[in-house]
Amino acid sequence: SKYVLQTAGFDARFPNANQTRHCFQNYIDYFKCVAAKGEDYAPCKQFKRAYNSLCPNEWISRWDEQRENGTFPASLEP
């Protein structure tokens with residue numbers, strides 16, 4: 001099988017080199033999208049690809065744990 005590696009595309013909301021906010025916003029947008037449309041909704045997957053590309057794995061693990069514990073610092077309601 002053939003693997004295609006891609007990184008997150010340009011987002012005009014985040015024009016600077018520091019991509020921390022871009023990473024965090026894509027994480028939030030993914031879970032809001034899943035809550036609204038479900039995991040099988042294809043456009044949600046773009047947010048997941050973006051945050052997996054931009055965010056350090058340690059951050060994702062910590063945020064996943066915070067979501068499970070109910071201590072995530074942002075609302076994920078659609």
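A disulfide is a pair of cysteine sulfur atoms within 2.5 Å. By this rule, the structure has two disulfides. The model is predicted, so local features need pLDDT of at least 70 and side-chain atom pairs count only at pLDDT 80 or more, while totals for chains, interfaces and linings use all residues. Residues are numbered from 1 along each chain as its sequence is written, and side-chain values use heavy atoms, with hydrogens and water left out.

Start with Cys-23 and Cys-55. Their sulfur atoms lie 1.9 Å apart, and the two residues form a disulfide. Cys-23 sits in helix H1 (residues 20-37). Cys-55 sits in the loop between helix H2 (42-54) and helix H3 (57-69), so the bond ties together parts 32 residues apart in sequence. Helices here are DSSP runs (H or I, at least four residues), numbered from the N terminus. The torsion about this S-S bond is about 120°, so the disulfide is right-handed.

Are these two cysteines buried or exposed? Buried means under 20% relative accessible area, exposed over 50%, and partly exposed in between (1.4 Å probe, protein chains only). Cys-23 is buried at 0%. Cys-55 is buried at 5%.

Now turn to Cys-33 and Cys-44. They form a disulfide with sulfur atoms 1.9 Å apart. Cys-33 lies in helix H1 and Cys-44 in helix H2, so this pair ties together parts 11 residues apart in sequence. The S-S torsion is about -80°, so this disulfide is left-handed. Cys-33 is buried, at 13% relative accessible area. Cys-44 is buried too, at 0%.

How do the bonds pair up along the chain? With bonded cysteines counted in order, the pattern is 1-4, 2-3.

Note on methods
Helix = DSSP H or I, 4+ residues; strand = E, 2+ residues; numbered from the N terminus.
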